[in-house]
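Morning, everyone. Please have a look at the structure on the screen, and I'll walk you through it.

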Amino acid sequence: MYKLPDGQLDIYSVYCPLEQLIDMNNRWVKWSKEIPWAELELSWAERLYASRGAPAKDLRKILGAYLIKEKLHLTERETVNVITENPYLQYFIGLAEFSHEPVLHHTLLGRFARRLDKAALKELQQLLKRMKA
């Protein structure tokens with residue numbers, strides 16, 4: 001038997017910002033507001049990104065994913081998996097809406113880590129200290 005659609009909207013096709021779905025008192029939300037993302041982007045852009053080649057991924061996504069990996073002591077693959085499953089972690093890395101698709105490839109985290117110099121690693125350790133729960 002075939003049933004005609006009744007015209008009701010599919011709840012998954014309606015845009016719903018993450019801020020309407022999540023508890024704004026969650027630790028990941030609070031940490032996302034404490035980290036100076038714009039300042040980090042300005043200071044790290046010259047060190048990490050070349051002036052030629054393909055456009056790079058958004059620094060907040062990569063840096064946020066790296067911080068999640070270090071904070072939760074996860075592998076690169078598992079980091080991508082938990083971000084894909086968790087709206088709070090997606091908010092932390094700067095997404096405006098929940099996505100069921102991975103936001104980055106796990107190998108990107110390793111390449112990112114290899115490009116970090118001592119000053120960047122020191123900054124990351126300071127950020128992780130600020131993220132005490």
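Of the 133 residues in the chain, 34% are buried. Keep in mind that this is a predicted model. As for surface, the chain exposes about 9100 Å². Carbon and sulfur atoms supply 53% of that area.

Now the fold. What do we find in the chain, helices or strands? Eight helices, and zero strands. Reading along the sequence gives α-α-α-α-α-α-α-α.

On to a salt bridge. How many does the structure hold? One. The partners are Lys69 and Glu70, whose side chains meet at 3.2 Å, N to O. Why can such a pair form? Side chains of opposite charge can pair when their charged atoms come close. How covered are the two partners? Lys69 has a relative accessible area of 16%. That is under 20%, so Lys69 counts as buried. Glu70 is partly exposed, at 26%.

Last stop: His73. Where is His73? In the loop between helix H4, residues 59-72, and helix H5, residues 76-85. Look at the backbone there. Phi of His73 is near 55°. That is a positive value, in a residue other than glycine. Is His73 buried or exposed? The relative accessible area of His73 is 71%. The cut-off for exposed is over 50%, so His73 counts as exposed.

To recap: eight helices, one salt bridge, and a loop residue, His73, with positive phi.

Note on methods: Residues are numbered from 1 along each chain as its sequence is written. This is a predicted model: local features need pLDDT of at least 70, side-chain atom pairs count only at pLDDT 80 or more; totals for chains, interfaces and linings use all residues. Side-chain values use heavy atoms; hydrogens and water are left out. Helices (H or I, at least four residues) and strands (E, at least two) are DSSP runs, numbered from the N terminus. Buried means under 20% relative accessible area, exposed over 50%, partly exposed in between (1.4 Å probe, protein chains only). Accessible areas come from the Shrake-Rupley method with a 1.4 Å probe; for residues, only the protein chains shown count as cover. A salt bridge is a side-chain nitrogen of Lys or Arg within 4 Å of a carboxyl oxygen of Asp or Glu.
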